[in-house]
Amino acid sequence: MESVRKRLAECSEEAQELYLNQSVPYLDGPPDPLLFYRDWIGPNKPCIIRNAFNHWPALSRWTLEYLRQKVGSKVISVAVTPNGYADAVNGDRFVMPEERQMSFSSVLDVIEGKVQRSGVFYVQKQCSNLLLELPELNDDLEPHISWMSSALVHKDHYENLYCVVSGEKHFILLPPTDRPFIPYGVYQPAVYRQRDNGEFEVMDQSDSEKVPWIPLDPLDPDLQLFPQYRRARPLHVTVKAGEMLFLPSLWFHHVRQSHGCIAVNFWYDMEYDIKYNYFQLLEALCDITASA
């Protein structure tokens, strides 16, 4: 087993030397589908694409005032945590946000400071909250990214295009070849619940199976507890408004965002289904995870 670990570590170092970039490269416009497949999807490398969705009305329309007028009365799913960390290890638990049903206007009241609430509120739902909960906003963007759909016609894929409409997203990325240096544990799943006094408690989901997750905080890694992480080579990149990040499958990622950030997430899964996710508002921090 020790020889296997040694070889995996050598493989990671060779990948860094042979084909992985030291920073995330930029493309200045929408790429040719075949070239994008050859240069980025096939090698499984991330990049940032500029000027790829300048024509979306969302870039100019999606102000808080517009959203309040357009969808303010809609009841949506809202994730609430005490500290902004969603789906993250807390002690010996893997803790998920408390999910509430609120009107969009109520969320905006918190964001704009009109209503004071404890905790961090953000709009996010993994299974296509834009299509299912906010279809009124669909005309403000494209139903899919045409060149990406063309590039993936002959690939089993679960790739991600992360489009930032306003604000900024801050990513820490690690390639799948760094897996030998990234610690995993198995944790009891739980969810946050806010008490009447405003404090949060952690409630076990005793009927759920334990969850494998990464306990390391890439913003402040404990190298005494996880010494192997010294050999990892994280990439730090900020995706600004109007920019699109191609996040390949299997890459580990940690995400932070600026206050008031709005983003649309295109997931391409193995059945060519495209899902819109992450209509996030307020600063939200999530622990390091893997896109699979």
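This is a predicted model: local features need pLDDT of at least 70, side-chain atom pairs count only at pLDDT 80 or more; totals for chains, interfaces and linings use all residues.

Guide: Residues are numbered from 1 along each chain as its sequence is written, and side-chain values use heavy atoms, with hydrogens and water left out.

Visitor: How many helices and strands does the chain have?

Guide: Helices (H or I, at least four residues) and strands (E, at least two) are DSSP runs, numbered from the N terminus. On that basis, the chain has seven helices and 19 strands.

Visitor: What share of the residues in the chain is buried?

Guide: A residue is buried under 20% relative accessible area, exposed over 50%, and partly exposed in between (1.4 Å probe, protein chains only). Of the 292 residues in the chain, the buried share is 50%.

Visitor: Among contacts between residues at least 6 apart in sequence, what percentage joins residues at least 24 apart?

Guide: A contact means heavy atoms within 4.5 Å. Among the contacts in question, the share joining residues at least 24 apart is 78%.

Visitor: How many residues apart in sequence are the parts tied together by Trp-56 and Phe-266?

Guide: Rings of Phe, Tyr and Trp (its six-membered ring) pair if their centres lie within 6.5 Å; planes under 30 degrees apart count as stacked, over 60 as edge-to-face and the rest as tilted. Trp-56 and Phe-266 form a tilted pair, 5.9 Å centre to centre with 45 degrees between the planes. Because Trp-56 lies in the loop between β2 (47–50) and α3 (58–61) and Phe-266 in strand β17 (residues 262–268), the separation of the parts they tie together, in residues, is 210.

Visitor: Which strands hold Phe-94 and Trp-213?

Guide: Phe-94 and Trp-213 are both buried. Their ring centres are 4.4 Å apart and their planes at 45 degrees, so the pair is tilted. The pair ties together parts 119 residues apart in sequence, because Phe-94 and Trp-213 lie respectively in β6 (residues 93–96) and β13 (residues 211–213).

Visitor: Is Val-4 buried or partly exposed?

Guide: Val-4 belongs to helix α1 (residues 2–18). Its relative accessible area is 45%, so Val-4 is partly exposed.
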